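Here are my notes for you to read alongside the model. Have the sequence and the 3D view open as you go.

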Amino acid sequence: VDWETLNGWNTRMLVGMAYLDDENDPVIELPVILEGGVSADNLEEVFDYWRTVLGSFETEVIKD
């Protein structure tokens, strides 16, 4: 994965920052703030959204 692809991803996506780790493997992170509590429904929505983001990351960035 090249920097141009990752930068394009980061520009288009609202959340989920992509970068290359120390071994040049593509990584994606989604920060989730749980301090103060969160409802089970809200947490499930985060998981659903994350599954969608991971699918897009795989097809658009990883492409294998």
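**Notes on the model**

Asn24 sits in the loop between β1 (17–20) and β2.

1. Ground rules. This is a predicted model, where local features need pLDDT of at least 70, side-chain atom pairs count only at pLDDT 80 or more, and totals for chains, interfaces and linings use all residues. Residues are numbered from 1 along each chain as its sequence is written, and side-chain values use heavy atoms, with hydrogens and water left out. Helices (H or I, at least four residues) and strands (E, at least two) are DSSP runs, numbered from the N terminus.

2. The hairpin. β1 and β2 make a hairpin with 5 residues between them. The two strands pair in the antiparallel sense over 4 bridges; to count as paired, two strands need at least two DSSP bridges between them. If you want a place to start looking, Leu20 has Pro26 in β2 as its bridge partner.

3. The turn. As background, most residues other than glycine have a negative phi. Asn24 is exposed, because its relative accessible area is 55%. For this note, buried means under 20% relative accessible area, exposed means over 50%, and partly exposed is in between (1.4 Å probe, protein chains only).

4. Met17. This residue is in strand β1 and is partly exposed, since its relative accessible area is 46%. Met17 and Ile28 are 11 residues apart in sequence, yet 5.4 Å apart in space, C-alpha to C-alpha. Leaving aside neighbours within four places in sequence, Met17 is in contact with Asn10, Val27, Ile28 and Glu29, contact being heavy atoms within 4.5 Å.

5. The aromatic pair. How many aromatic pairs does the structure hold? It holds 1. Trp9 and Phe57 form it edge-to-face, 5.3 Å centre to centre with 75 degrees between the planes. The pair links distant parts of the chain, with Trp9 in helix α1 (residues 3–12) and Phe57 in helix α2, 48 residues apart. The rule used here: rings of Phe, Tyr and Trp (its six-membered ring) pair if their centres lie within 6.5 Å, and planes under 30 degrees apart are stacked, over 60 edge-to-face, the rest tilted. Trp9 is buried, because its relative accessible area is 0%, and Phe57 is buried too, at 6%.

6. Val38. Look for Val38 in the loop between β2 (26–29) and α2 (40–62). It counts as partly exposed because its relative accessibility is 36%.
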